[in-house]
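Subject: Handover of a structure, with notes

Dear colleague,

I am passing on the structure below, and would be grateful if you could read the notes that follow with the coordinates open beside you.

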Amino acid sequence: MLRSWSGGGANAFTFTQIQSQVFTATCALAGCHNAGSQRAGLNLSAGASFGELVGVASSQRPALNRVQPNQPDNSYLIKKLRGDSDIQGSRMPSGAGGLSQTTIDRIIAWINEGAPNNS
């Protein structure tokens with residue numbers, strides 16, 4: 001089920017959708033953010049990703065959490081997905097040309113809903 005958050009009009013992903021449609025499909029791959037590689041100390045494999053993201057300091061910008069519930073602009077994950085100028089390294093996902101703006105907006109909407117571990 002998709003929900004809307006007021007202020008942006010984008011339908012929020014559930015965490016299960018983010019995992020299957022974004023992390024598993026694009027990020028938790030060999031050499032990137034899977035259990036074996038864990039680039040930047042981050043494992044985005046199913047079962048591990050939520051605990052690695054929400055309320056956890058970024059290894060690249062420790063002053064920012066990877067996901068700060070209700071604060072997408074203070075979430076390093078969003079900065080990396082958008083390719084903001086204050087990130088370390090490159091925009092993610094690497095080599096994929098980035099996610100669509102709609103996908104990023106739906107992740108932002110999930111964060112604005114408090115970044116719940118929902119399905």
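This is a predicted model: local features need pLDDT of at least 70, side-chain atom pairs count only at pLDDT 80 or more; totals for chains, interfaces and linings use all residues.

Residues are numbered from 1 along each chain as its sequence is written, and side-chain values use heavy atoms, with hydrogens and water left out.

The core

The largest nonpolar core has 21 residues, and those with the most contacts inside it are Val 22, Phe 23, Ile 107 and Trp 110. A nonpolar core here is a set of buried Ala, Val, Leu, Ile, Met, Phe, Trp, Tyr and Cys residues joined through side-chain atoms within 4.5 Å, where buried means under 20% relative accessible area, exposed over 50% and partly exposed in between, with a 1.4 Å probe and protein chains only. Two or more residues are given to this core by each of helix H1 (15–27), helix H3 (76–82) and helix H4 (101–112); helices (H or I, at least four residues) and strands (E, at least two) are DSSP runs, numbered from the N terminus. Leaving aside residues up to four places away in sequence, Phe 23 touches Phe 15, Ile 18, Ala 28, Leu 44, Ser 49, Leu 53 and Leu 77, contact meaning heavy atoms within 4.5 Å.

H1 and H4

H1 has 13 residues, but its end C-alpha atoms are only 15 Å apart, short of the 18 Å that a straight helix would reach at 1.5 Å a residue; the expected span is 1.5 Å times one less than the number of residues. H4, by comparison, has 12 residues and reaches 16 Å from its first C-alpha to its last, close to the 16 Å expected.

The buried residues of H1 are Phe 15, Gln 17, Ile 18, Gln 19, Val 22, Phe 23 and Cys 27, and what covers them includes S2, H2, H3 and H4. In H4, the buried residues are Thr 103, Ile 104, Arg 106, Ile 107, Ile 108, Ala 109, Trp 110 and Ile 111, and these pack against strand S2 (11–12), H1, helix H2 (49–53) and H3.

The axes of H1 and H4 come within 10 Å and cross at roughly 150°, the axes being lines fitted to C-alpha atoms, for helices over the stretch in contact, with angles from 0 to 180 degrees between N-to-C directions. H1 is therefore roughly antiparallel to H4, a term used for angles over 145 degrees. The contact is made by Phe 15, Gln 17, Ile 18 and Val 22 of H1 and by Thr 103, Arg 106, Ile 107 and Trp 110 of H4.

Backbone details

A cis peptide bond, with omega about -5°, joins Met 92 and Pro 93, and Pro 93 is found in the loop between H3 and H4. Asn 70, in the loop between H2 and H3, has a positive phi of about 70° although it is not a glycine, and at 48% relative accessibility Asn 70 counts as partly exposed.

Just after H4, Gly 114 takes a positive phi of about 105°. Ala 115, in the segment after H4, has a positive phi of about 55° although it is not a glycine, and Ala 115 is buried, with a relative accessible area of 2%.

With best regards

Definitions and conventions:
Angles under 35 degrees count as roughly parallel, over 145 as roughly antiparallel, 65 to 115 as roughly perpendicular and the rest as oblique.
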